Amino acid sequence: MSSITTVAVLGTGVLGAQIAFQTAFHGYRVHAYDINEEALDRARTRFAELAGIYQHDPAVGAAAHQTEAALQNLHLTTDLAEAVGDADLVIEAVPEKIEVKRRLYTELADLAPSRTIFATNSSTLLPSDLKDFTGRPGKFLALHYANHVWRQNTAEVMGTTDTDPAVYETVVDFARNSGMVPVELKKEKAGYVLNSLLVPLLDAASGLLVEGIADHETIDKTWRIATGAPLGPFQIFDIVGLTTAYNIASTNPSEKSQEFAAMLKRDFIDRGHLGTASGQGFYTY
Ligand code: NAD
């Protein structure tokens with residue numbers, strides 16, 4: 001049995017709102033913290049949308065009383081001390097900026113009880129980049145969710161060399177008990193397991209496209225038929241969102257990435273074609 005009953009989620013943006021709702025849906029008491037009332041209003045809208053998704057997406061198929069119970073388990077606050085005061089676990093999902101995260105952990109180190117475990121949902125920073133600011137390196141690790149947590153429900157668990165193995169196991173149990181499939185990493189690795197696999201695939205696919213080797217439909221079809229995968233790389237780009245794909249490609253100095261970024265901007269983003277979210281990307285939805 002996991003010893004965790006009360007969870008604080010810091011940051012209620014795209015991922016934080018999903019993590020908070022998923023955790024509340026599985027019966028935990030959740031404090032959802034953000035920096036101001038405007039952010040909490042956006043969170044309320046996100047939670048209402050998630051309640052609808054949990055009812056209508058066959059991956060969950062929740063009854064109305066279950067999503068209502070999830071909403072009852074969620075407590076929103078702009079007071080950090082209140083959010084973490086009785087938390088067994090804090091899950092941090094604030095913007096991917098090292099200085100923002102370090103400042104927050106420095107504050108948290110004093111505000112949270114010494115027993116509280118801290119977990120970062122950071123996609124690109126390693127927990128080692130943050131552990132010295134937590135005041136508790138033994139009780140700190142990464143717990144990395146994927147977007148659309150109710151369906152794409154992997155939770156990558158990655159400690160540092162300082163993480164206490166018992167804390168690691170507690171977080172693995174929490175992940176399982178909150179409806180996630182824990183993915184246990186034995187060492188730190190930038191990109192975890194998922195992005196270590198996915199990024200090279202997407203890079204190779206965009207390279208084939210900009211070099212004019214094959215069109216996106218042919219590339220996707222090849223991957224689907226020959227490997228049995230349900231989606232090809234350009235279908236994945238549409239789900240990730242073409243703005244995110246652009247942000248990643250444009251920061252990669254390689255000539256092919258720069259060409260791909262320019263193509264995404266010119267042919268898609270400037271026309272409002274952002275992927276599945278806008279109904280049009282490489283494909284029409
Ligand atoms: P986001 O910008 O949608 O949300 C960030 C939220 O944090 C906002 O609501 C913002 O008001 C709040 N915030 C800002 N400063 C804060 C502070 N000091 N304390 C508390 N809250 C603060 O970002 P996101 O996409 O949800 O990403 C959050 C984290 O999750 C990042 O570390 C990112 O790498 C990780 N992540 C994102 C995805 C994704 O697909 N978006 C997937 C996996 C992991």
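**Salt bridges, ring pairs and strands in a predicted model**

Good morning. The structure holds eleven salt bridges, a salt bridge being a side-chain nitrogen of Lys or Arg within 4 Å of a carboxyl oxygen of Asp or Glu. Please keep in mind that this is a predicted model, in which local features need pLDDT of at least 70 and side-chain atom pairs count only at pLDDT 80 or more, while totals for chains, interfaces and linings use all residues. Residues are numbered from 1 along each chain as its sequence is written, and side-chain values use heavy atoms, with hydrogens and water left out.

I begin with the charged pairs. Side chains of opposite charge can pair when their charged atoms come close. In one of the salt bridges, the side chains of R29 and D86 meet at 2.8 Å, N to O. Which parts of the chain does this pair tie together? R29 lies in strand β2 (residues 29-33) and D86 in the loop between α4 (80-84) and β4 (89-92), so the pair ties together parts that are 57 residues apart in sequence. The names of these elements follow DSSP runs: helices are H or I runs of at least four residues, strands are E runs of at least two, and both are numbered from the N terminus.

How accessible are the two partners? R29 counts as partly exposed, at 35% relative accessibility, and D86 counts as partly exposed at 30%. For these words, buried means under 20% relative accessible area, exposed means over 50%, and partly exposed lies in between, with a 1.4 Å probe and protein chains only.

A further salt bridge joins the side chains of R115 and D88, at 2.5 Å from N to O. This pair also links distant parts of the chain, with R115 in the loop between α5 and β5 and D88 in the loop between α4 and β4, 27 residues apart. R115 is partly exposed, with a relative accessible area of 44%, whereas D88 is buried, with 14%.

Next, consider E92 and K101, whose side chains meet in a salt bridge of 2.5 Å, N to O. Are these two residues buried or exposed? E92 is buried, with a relative accessible area of 0%, and K101 is buried, with 1%. Salt bridges that share partners join E92, E96 and K101 into one network.

T120 counts as buried, at 0% relative accessibility. The side chain of T120 makes a polar contact with the side chain of E92 at 2.5 Å. A polar contact is a pair of N or O atoms within 3.5 Å; within protein, one must be able to donate a hydrogen and the other to accept it, and residues adjacent in sequence count only if both atoms are side-chain atoms. The T120 side chain also reaches the backbone nitrogen of S122, at 3.1 Å. Leaving aside residues up to four places away in sequence, T120 touches several others, including E92, K101, Y105 and L143; contact here means heavy atoms within 4.5 Å.

I turn now to the aromatic rings. A pair of aromatic rings is described by the distance of the centres and the angle of the planes. How many aromatic pairs does a search of the whole structure find? The search finds twelve. Rings of Phe, Tyr and Trp (its six-membered ring) pair if their centres lie within 6.5 Å; planes under 30 degrees apart count as stacked, over 60 as edge-to-face and the rest as tilted.

Among these pairs, F21 and Y54 are edge-to-face, with 4.7 Å centre to centre and 70° between the planes. The pair links distant parts of the chain, since F21 is in helix α1 (residues 14-25) and Y54 in helix α2 (residues 37-56), 33 residues apart. F21 is buried at 0% relative accessible area, and Y54 counts as buried at 1%.

Y105 and F118 form a tilted pair, with 6.1 Å centre to centre and 40° between the planes. Y105 lies in helix α5 (residues 98-111) and F118 in strand β5 (residues 117-120), so this pair ties together parts 13 residues apart in sequence. Ring pairs also link F21, F25, F47, Y54 and W150 into a cluster.

Finally, we come to strand β7 (residues 154-159), which is mostly covered: five of its six residues are buried. Strand β6 (residues 140-145) pairs with β7 in the antiparallel sense over five bridges, where two strands pair if DSSP finds at least two bridges between them. With strand β8 (residues 181-184), β7 pairs in the parallel sense over four bridges. In β8, V183 is the bridge partner of E156.

Thank you for your attention.
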